Amino acid sequence: EIEKLPPLEPEPDYEIKTRSPLPSSWHLNVVRGKREEDFKDKAYFLARRKCYKVGQPFLQCQKENGMFWSVFECQEQWDQLGKCFDHEYRVEMDKQRRDLKKNNESWWTNIYNEDGEIGEQAKWDGEDWAIHNIK
């Protein structure tokens, strides 16, 4: 069925400027988390479409080598598909986070704008704190 959809091209040079929302109060965690889950549905779909051509060599290799041997023989094609999918997924998540026409709530616009992260979100170091505490 994907052949019937208009093709989408990967965007390897797109600069990703956002990350998942920082932890906050329970209420903000819930509403921001729900928003991120909605974004993921669309991002996965678009990433799969963008990486369709990149995935064709893997599918061909799998047909030639069978399901068992493709694990050993098709690693390069699998790695290329995985890199494409990971990057395009993050591109689509970034685009959706920065779309303030759809995300105009104050609890969203105080951490993201059209240019990327702002406020506390921009200052946040991420979840690296957990790694330091585990060691």
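**Reading salt bridges, disulfides and a surface patch**

Me: With which residue does Glu-11 form a salt bridge, and how far apart are the closest N and O atoms?

Reply: Glu-11 forms a salt bridge with Lys-50, and the closest N and O atoms of the two are 2.5 Å apart. Please keep in mind that this is a predicted model. The general idea is that side chains of opposite charge can pair when their charged atoms come close. For a pair to be counted here, a side-chain nitrogen of Lys or Arg must lie within 4 Å of a carboxyl oxygen of Asp or Glu.

Me: Where in the chain do Glu-11 and Lys-50 lie?

Reply: Glu-11 belongs to the segment before helix 1, whereas Lys-50 is in helix 1; the pair thus links distant parts of the chain, 39 residues apart.

Me: Is Lys-50 buried or exposed, and how is Glu-11 classed?

Reply: A residue is called buried when its relative accessible area is under 20%. Lys-50 has a relative accessible area of 6%, so Lys-50 is buried. Glu-11 has 23% relative accessibility and therefore counts as partly exposed.

Me: Which residues are linked with Glu-11 and Lys-50 in a network of salt bridges?

Reply: The network also takes in Glu-88, Glu-92 and Lys-95. In total, the structure holds 14 salt bridges.

Me: Let us turn to the cysteines. How many disulfides does a search of the whole structure find?

Reply: The search finds two disulfides. One is formed by Cys-51 and Cys-84, with sulfur atoms 2.1 Å apart. Cys-51 lies in the loop between helix 1 and helix 2, and Cys-84 in helix 3, so this pair ties together parts that are 33 residues apart in sequence. The link is left-handed, with -95 degrees about the S-S bond, and both of its cysteines, Cys-51 and Cys-84, are buried.

Me: What does the torsion say about the disulfide of Cys-61 and Cys-74?

Reply: The torsion about the S-S bond of Cys-61 and Cys-74 is about -90 degrees, so this disulfide is left-handed. Cys-61 lies in helix 2 and Cys-74 in the loop between helix 2 and helix 3, so the pair ties together parts that are 13 residues apart in sequence. The sulfur atoms of Cys-61 and Cys-74 are 2.0 Å apart, and both residues are buried.

Me: Which pattern do the disulfides follow?

Reply: With bonded cysteines counted along the chain, the pattern is 1-4, 2-3.

Me: Finally, which residues form a nonpolar patch on the surface?

Reply: The patch is formed by Phe-68, Trp-69, Val-71 and Phe-72, which together have about 480 Å² of accessible area. Of these residues, Trp-69 has its place in helix 2, residues 52–73.

Methods:
Residues numbered from 1 in each chain as written. Predicted model: local features only at pLDDT ≥ 70, side-chain atom pairs only at ≥ 80, totals over all residues. Heavy atoms only, no water. Patch = residues over 30% accessible without salt bridge, like charges linked within 9 Å, V, L, I, M, F, W, Y side chains within 5 Å. Areas by Shrake-Rupley, 256 points an atom, 1.4 Å probe, with all protein chains shown as cover. Helix = DSSP H or I, 4+ residues; strand = E, 2+ residues; numbered from the N terminus. Disulfide = S-S within 2.5 Å. Buried < 20%, exposed > 50% of the residue type's maximum accessible area, 1.4 Å probe, protein only.
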